[in-house]
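Thanks for coming. Please have the model on the screen while I go through a few points.

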Amino acid sequence: MDLLTSDTLTIAKNLLGYRLVHESDEGITAGIIVETEAYLQDDPACHAYRKKSVRNAPMFGVAGTIYVYQIYGIYYCVNIATNQKDVGEAVLIRALEPIEGIDLMERRRKSNVLKNLCSGPGKLVQAMGIHKGMNDWHILKDDLKILPPLSDYSQHPIVTTTRIGITQGVELPYRFYFEGNTFISKK
DNA sequence: CGTAAGATGAAG
DNA sequence: TTCATCTTACGG
């Protein structure tokens, strides 16, 4: 997969259309990535902006390393580390369009509203059964995988905007999503 | 409809 | 004290 060999912003855009698949004991869940955000080394909103720490260490791993962190004490978010080893950059997965294991997602989320299952970083983590034990896994080697698109999205228009839920680096246009998609995290 | 606030833990 | 969120409660 040459997805991971480009720069972080390009990867964030290219990830749209790829599938996120989790093969768990409860069953398989999968969704199409429809919304991402990029976090760069020289970006004040990036967890790795200042220095490497125990928490953000996976961001400094080889491209494809999974970084799971807890936010607001309750929720978790998933990132894919990008760039070379020792460069702290990553792409946050913000929304999925569910395609497989929807009944399992509904049980995990305690909701049967399709558009409410994966329309946000904390929601998709719940629906997919992602947990902090996956921290430092790799999307090519472990049970949480990124697989190539099932169809050609290369002509699909992508909207670029500023990121959500941050207080620093607010003006940076590092959020990407498929134009017109109804599964993204904001209406 | 809309907006506002509370939950809750780890890092700095 | 801040924080890359989500849900519920409440007013119109």
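I start with a convention: a crossing is left-handed if the near helix is turned anticlockwise from the far one by less than a right angle, and right-handed if clockwise. Helices (H or I, at least four residues) and strands (E, at least two) are DSSP runs, numbered from the N terminus. This is a predicted model, where local features need pLDDT of at least 70, side-chain atom pairs count only at pLDDT 80 or more, and totals for chains, interfaces and linings use all residues. Residues are numbered from 1 along each chain as its sequence is written, while chains are lettered from A and ligands numbered from 1 in the order in which they are written.

By that convention, α2 and α3 cross in a right-handed way. Their axes, lines fitted to C-alpha atoms over the stretch in contact, with angles from 0 to 180 degrees between N-to-C directions, are 7 Å apart at an angle of about 115 degrees. On the α2 side the contact (C-beta atoms, placed from the backbone, within 7 Å) uses Met-105, Arg-108 and Arg-109, and on the α3 side Lys-123, Gln-126 and Ala-127. These residues divide into 2 nonpolar, 1 polar and 3 charged. Here Ala, Val, Leu, Ile, Met, Phe, Trp, Tyr, Cys and Pro count as nonpolar, Asp, Glu, Lys and Arg as charged, and the others, Gly among them, as polar.

A residue is near a strand if its C-beta atom, placed from the backbone, lies within 6 Å of it. Around DNA strand C there are 21 residues, of which His-47, Leu-92, Gly-120, Gly-122 and Gly-165 come nearest. Two or more residues of that surface come from each of β4 (75–81), β5 (90–100) and α3 (121–128). The division is 12 nonpolar, 8 polar and 1 charged. DNA strand B is surrounded by Ser-53, Val-54, Arg-55, Gln-70, Tyr-72, Gly-73 and Ile-74, a set with 3 nonpolar, 3 polar and 1 charged.

Last, the segment after β8. Which residue is found there? Ile-184 is. Is Ile-184 buried or exposed? Ile-184 is buried, because 22 other C-beta atoms lie within 10 Å; the cut-offs are 20 or more for buried, 12 or fewer for exposed, and partly exposed in between, with C-beta atoms placed from the backbone. Not counting residues up to four places away in sequence, Ile-184 touches Val-34, Glu-35, Ala-95, Ser-119 and Tyr-177.

How values were computed. Two residues are in contact if their C-beta atoms, placed from the backbone, lie within 7 Å.
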